[in-house]
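Hello,

Here is the structure I promised to hand over. Please open it first, then read my notes below.

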Amino acid sequence: MRVGLITGKRGLELREFPAPSPEPGKAVVEIAFCGICGTDVHAYAHGGGYTPAICGHEWAGTVSACGPDVDGVREGDRVAIGIAPACGVCALCRAGAPAQCSTVLMSMLGLDAMAPPHGGFASAIAVNAARLYGLRPQIGDAEAALLEPATVVTHALRRTPVRVGESAVVVGAGPIGLLAVQLVRLAGAGSVVVIEPERSRAELARSLGASEALEPGLADLEERIRAVCGPAGPDLVLECAGVPSTIQRSVELVRRGGRVGLLGLAAAPATIQPAAWLGKEVSLTASLGYTHEEFEATQELAADGRLQLAPLVTDTVGLGELESALERLTKPSGQVKILVDPRRGADPA
Ligand SMILES: [Zn+2]
Ligand SMILES: [Zn+2]
């Protein structure tokens with residue numbers, strides 16, 4: 001079986017792995033699609049300590065075998081990968097904070113004993129069966145590969161709530177930003193302004209519900225935002241670009257007393273102006289990951305059509321084109337979510 005592994009800065013290797021076997025507690029899944037995440041692009045562009053199981057963590061497919069002690073999924077089930085339920089026994093679970101369960105965090109980072117030796121850029125994978133979510137029939141395999149990043153946004157919006165009719169700014173219209181536009185609307189936002197330099201992404205943001213899409217370099221940007229969000233400025237700013245400088249920028253854009261949610265993962269340290277933060281009395285929430293329940297809630301929104309996932313898929317490639325797809329995503333482009341279909345050109349013979 002051929003597997004795509006990100007091995008360091010600008011390092012992508014296609015390696016042969018034995019077909020995975022269903023050990024106790026694990027299920028084998030034949031992968032239909034695996035999305036390329038910003039995390040994968042960071043790992044490829046900058047290197048650093050990414051565990052092999054993290055690269056390719058947004059996938060969906062069909063269960064082909066179950067090991068002993070597996071319940072909840074059966075052979076033939078269509079599933080998507082997600083976070084495990086809280087363990088109930090770690091110090092944080094016992095302290096009454098299961099949403100911050102350390103066992104779940106370790107599994108999300110690919111650092112637990114059950115972690116597979118590779119991620120979802122592969123034709124099959126064996127994983128802890130508790131991390132598999134049964135898919136509803138209304139959700140296609142390609143859309144299912146987007147449930148993981150969509151749930152990241154659901155989680156962030158539960159941590160950075162919005163009230164009915166409030167105005168929001170979404171910084172960046174990549175996959176996370178385009179999901180944020182839709183979910184902040186579903187959560188009750190009135191006006192939603194997107195800040196995005198790439199024209200086709202800005203168009204997509206408008207078609208998915210943004211009231212306005214503006215380029216970040218506009219001299220009168222703040223004035224144009226206030227024209228849509230009201231003279232006080234936006235109640236909420238969601239930082240979805242993952243660029244160090246946009247963290248401070250997000251605080252500058254929000255109204256005094258407003259909220260900033262950090263969703264983008266910046267790969268380098270960021271500089272902030274504490275006086276602006278204090279002077280604004282800004283509330284800032286950082287988020288990473290999600291809970292088991294939030295995954296199901298997100299799937300429900302996608303199943304009934306209120307959350308659109310399919311428009312985010314801008315390309316699908318085989319494993320042999322993974323490196324060039326990662327390379328494309330390191331530069332500004334109109335691409336949003338590129339899916340890898342490991343069945344394409346999977347047979348090295
Ligand atoms: Zn991701
Ligand atoms: Zn726990």
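A residue is buried under 20% relative accessible area, exposed over 50%, and partly exposed in between. E222, at 31% relative accessibility, is therefore partly exposed. Note that this is a predicted model.

Salt bridges

There are 18 salt bridges in the structure. E222 pairs with R249, at 3.3 Å from N to O.

R255 bridges to D235, with the closest N and O atoms 2.7 Å apart. Both sit in loops: R255 between helix 9 and strand 12, D235 between helix 8 and strand 11. R255 and D235 are both buried. R10, E327 and K331 form one network through shared partners.

E293 and R158 also form a salt bridge, at 2.7 Å. E293 is partly exposed at 46%, and R158 at 45%.

Second largest pocket

Its volume is about 280 Å³. The lining has 19 residues; A99, Q100, C101, L288 and Y290 lie nearest the centre. Helices 3, 5 and 11 each give two or more residues, and helix 3 gives the most, with 3. By type, the lining holds 12 nonpolar, 5 polar and 2 charged residues.

Zinc site

Which protein atoms are donors of the zinc ion (ligand 1)? They are C37 (SG), H57 (NE2) and E58 (OE), at 2.1 to 2.4 Å. Their spacing is C-x19-H-E. H57 is buried at 18%, and E58 at 2%.

Best regards

Key
Residues numbered from 1 in each chain as written. Chains lettered and ligands numbered in written order. Predicted model: local features only at pLDDT ≥ 70, side-chain atom pairs only at ≥ 80, totals over all residues. Heavy atoms only, no water. 1 Å grid on protein atoms, 1.4 Å probe; cavity = no way out; pocket = protein on both sides within 12 Å on 5 of 7 lines; lining within 4 Å. Points joined across faces, edges and corners; volume = space filled by probe spheres on them. Helix = DSSP H or I, 4+ residues; strand = E, 2+ residues; numbered from the N terminus. Nonpolar A, V, L, I, M, F, W, Y, C, P; charged D, E, K, R; others polar. Donors = N, O, S within 2.8 Å, 3.2 Å for Na, K, Ca; no water. Buried < 20%, exposed > 50% of the residue type's maximum accessible area, 1.4 Å probe, protein only. Salt bridge = Lys/Arg side-chain N within 4 Å of Asp/Glu carboxyl O.
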